[in-house]
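Subject: Structure handover

Hi there,

Here is the structure I promised to pass on. Please have a look at it first, and my notes follow below.

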Amino acid sequence: MQLSPVPQVFPPARPIGRAWLAPLALLVLALPAHATVADIRDMADLSIEELANIQITSVSKKSESLSGAAGSVFVITADDIRRSGASSVPEALRLAPNLQVAQVSGYGYAISARGLNGSNNSAPNKLLVLIDGRSVYTPLFSGVFWDSQEMMLEDVERIEVVSGPGGTLWGVNAVNGVINIITRTARDTTGSLASLEAGTRGDAAAFRQGTATANGAWRVYGKHLERSHTELANGGRVNDARHQSQLGFRADWSRGDDSFSVNGNAYKGVSQQPEPGAISVSGTSLTLGDIDASGVNLTGGWIRKFTDGSSISLQAYL
């Protein structure tokens, strides 16, 4: 097996200030403190017993304690993500010791497990990636477009990374493991929140508004990001800048013994294409242009709980 080389890239130095960030910064300062700071318990305050009893669902598809799971699993909590300063899902996955996260370009990543990785399709098709139970695998290149998997990291409850084969339980692509990204319910994200990011790697701004009612809750969010181009070690510019806008919502409600959940997202972005390009054919000269990417998704779920403690669930996504 031959792994594709990963170019060494360095972000160019540039000022972090942007004029369009000023009004958003004032918005953040105007929000109440309880709406801008996530109500997350410090993991350092948990005892050994409490840490072992963290509830996970990815190993057996049902809620169970981390210590009782019959599998090797690593959990990245919301507090871990907040402390790390990660600004994207791939950066947050660097916290998992059972994953290899390689950055191929300014926005491209190759992520896999068990020592199998590469920018081609030799390994990405062997790792199942789920977001709230929705598979983000694409048959276009037998892998995951990580640059398209944008979300507000403030809404992520935890990321469960299961090592080892999981095809019996999860189906195709779960050869080397499973990455299950679980977001917070709408009831846990009420109020207003604005998020700003600025730096040499790029800028981003996001907002979220959530409301709870007697029988349920809902939230809406929007995010826009600008990723800067990178540079080689010799100072040469790499055309790998990217910008993307995304909108989404989630609603959770209950009626009697039934619980329902619906969430959807829509995004549109443009990425520059660095040499040799997304498609490289020997002996053929291809004109490299910007790559337009857009997509929508919708996920719905239903859970019925019975008096004996058992339950039945159904999920579908488009």
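**Hairpins and their strands**

Strand 11 and strand 12 form a hairpin, with three residues between them. Before I go on, this is a predicted model, in which local features need pLDDT of at least 70 and side-chain atom pairs count only at pLDDT 80 or more, while totals for chains, interfaces and linings use all residues. Residues are numbered from 1 along each chain as its sequence is written, and side-chain values use heavy atoms, with hydrogens and water left out.

On terms: helices (H or I, at least four residues) and strands (E, at least two) are DSSP runs, numbered from the N terminus. Two strands pair if DSSP finds at least two bridges between them.

Strand 11 is joined to strand 12 (residues 216–227) by eleven bridges, and the two run antiparallel. Arg208 has Tyr221 in strand 12 as its bridge partner. Strands 10 and 11 form a hairpin with four residues between them, and Ser192 has Gln209 as its bridge partner in strand 11.

Further along, strand 15 (residues 242–255) and strand 16 (residues 258–271) pair antiparallel over 14 bridges. They form a hairpin with two residues between them, and Gly256 in the turn has a positive phi of about 65°. Arg255 stands opposite Asp258 in strand 16. Strand 16 also pairs in the antiparallel sense with strand 17 (residues 291–305), over 14 bridges, where Phe260 has Trp302 as its bridge partner.

**An aromatic pair**

The structure holds one aromatic pair (ring centres within 6.5 Å for Phe, Tyr and the six-membered ring of Trp; planes under 30 degrees apart count as stacked, over 60 as edge-to-face, the rest as tilted). The rings of Trp253 and Phe260 have centres 5.5 Å apart and planes at 20°, so the pair is stacked. Are these two residues buried, exposed or partly exposed? With buried meaning under 20% relative accessible area, exposed over 50% and partly exposed in between (1.4 Å probe, protein chains only), Trp253 is partly exposed at 34% and Phe260 is partly exposed at 27%.

**The mixed sheet and the cores**

Five strands form an open sheet in the order 3-8-9-6-7, with mixed pairing. Its edge strands are strand 3 (72–77) and strand 7 (134–135), each of which pairs on one side only. Strands 6 and 9 run parallel and are joined by five bridges, with Ile181 in strand 9 as the bridge partner of Ile131.

Ile181 is also among the residues with the most contacts inside the largest nonpolar core, which has 25 residues. Such a core is a set of buried Ala, Val, Leu, Ile, Met, Phe, Trp, Tyr and Cys residues joined through side-chain atoms within 4.5 Å. Elements giving two or more residues to this core include helix 5 (89–93) and strand 8 (156–163). A second, separate core of seven residues includes Val73, Val75, Val162 and Ala174.

**Two positive phi values**

Asp132, in the loop between strand 6 and strand 7, has a positive phi of about 55° although it is not a glycine, and counts as buried at 17% relative accessibility. Asn173, in the loop between helix 6 (167–170) and strand 9, has a positive phi near 75° and is buried at 13%.

Best wishes
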